[in-house]
Amino acid sequence: MSHLASVISGNGGLQAVRVQAPAGAGLVYLHGAHVAQWIPTGADEVLWLSAKSQWTPDKPIRGGVPICFPWFGPRQGDPSAPAHGFARLKQWTLESTAPGPDGAGVVSLRLDADDDTRRWWPHEFSLRLRVAFGATLDMRLELENRGTSSLQAEQALHTYFAVGDVRQVAIHGLDGVTYIDKTDAMKEKLQQGPIRITAETDRVYTRTAAAVTIEDPSWTGTHAQGRRILIARENSADAVVWNPWIAKAKAMPDFGDDEWPGMLCVETCNVKDQAVRLNPGEARALTARIHLERL
């Protein structure tokens with residue numbers, strides 16, 4: 001164990017790794033390999049967590065960065081399967097902690113196929129999350145096919161960001177990109193200009209590797225009045241933008257009725273026909289690199 005990191009008993013008694021590095025602090029739970037906190041040194045918390053999250057081994061954590069794998073949303077043809085896959089409900093193995101470049105602290109966690117995963121998804125695989133907590137938050141999710149047949153998997157780093165007021169946020173970088181509007185009968189639409197959140201929003205922006213910037217002029221924190229969150233993505237063909245708005249927030253038991261103005265999801269992902277396809281022995285990494293700027 002690196003002197004930068006320690007294993008603690010987190011919310012609900014769930015095991016977590018706390019990182020205190022020169023360039024930033026963070027927290028990642030072994031339950032779901034769930035990044036729950038990132039505070040760059042001299043800045044405010046960047047991620048959002050619901051006060052209503054249910055901290056139990058059989059429930060996903062609401063907020064932070066859930067890992068969706070090997071399917072996204074409900075599983076087609078199997079309503080009994082866990083939404084967004086099993087990875088966010090599994091206990092991952094802590095592989096290592098170490099100092100990283102530029103004053104970061106790095107944590108590596110791993111999930112391998114077992115009898116439980118095989119009953120949902122009949123593939124041999126290894127999934128590794130490497131997280132560097134520093135001036136940037138670097139998350140690398142690597143999938144390796146360890147079986148004898150090809151596999152196909154959807155995957156997402158389902159990142160929840162803390163914002164001052166989502167109604168005042170502008171999301172840049174996706175102008176001119178086609179998206180699927182999940183709140184309007186899955187219609188395909190074309191993004192024109194920056195994204196503004198004015199109602200329930202659930203959109204899959206397809207076939208784009210563009211960096212995304214959240215401009216948040218209403219952020220009021222200890223260290224900044226207004227800020228930008230920059231999200232660079234690698235091996236990510238899609239991006240999801242989500243906010244539940246009023247009615248859906250009230251309908252979710254692990255989401256506070258009045259919490260929706262303070263959060264915004266911008267997800268780094270490969271979903272639907274952009275799902276990852278790997279032959280035996282192949283591996284591929286999905287990467288999100290998040291950086292904070294003052295306005």
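In what sense do strand S7 and strand S8 pair, and over how many bridges?

1. Strand S7 (residues 105–112) and strand S8 (residues 125–133) pair in the antiparallel sense, over 8 bridges. Strands here are DSSP runs of E, at least two residues, numbered from the N terminus, and two of them pair if DSSP finds at least two bridges between them. Within this pair, Asp 112 stands opposite Ser 126 in S8.

2. The model is predicted: local features need pLDDT of at least 70 and side-chain atom pairs count only at pLDDT 80 or more, while totals for chains, interfaces and linings use all residues. Residues are numbered from 1 along each chain as its sequence is written, and side-chain values use heavy atoms, with hydrogens and water left out.

3. S7 and S8 belong to an open sheet of 8 strands, ordered S6-S7-S8-S9-S22-S18-S17-S13 with antiparallel pairing. Strand S6 (93–99) and strand S13 (170–172) are the edge strands, each pairing on one side only.

4. The largest pocket holds about 510 Å³ of space. A pocket is an open set of points on a 1 Å grid over the protein atoms alone, where a 1.4 Å probe fits, with protein on both sides within 12 Å along at least five of seven lines; lining residues have an atom within 4 Å of a point. Of its 23 lining residues, Arg 62, Ala 83, His 84, Arg 88 and His 158 are the closest to the centre.

5. The second largest pocket has a volume of about 360 Å³. It is lined by 17 residues, and those closest to its centre are Trp 71, Phe 72, Pro 74, Gln 76 and Glu 154.

Key. Helix = DSSP H or I, 4+ residues; strand = E, 2+ residues; numbered from the N terminus. Points joined across faces, edges and corners; volume = space filled by probe spheres on them.
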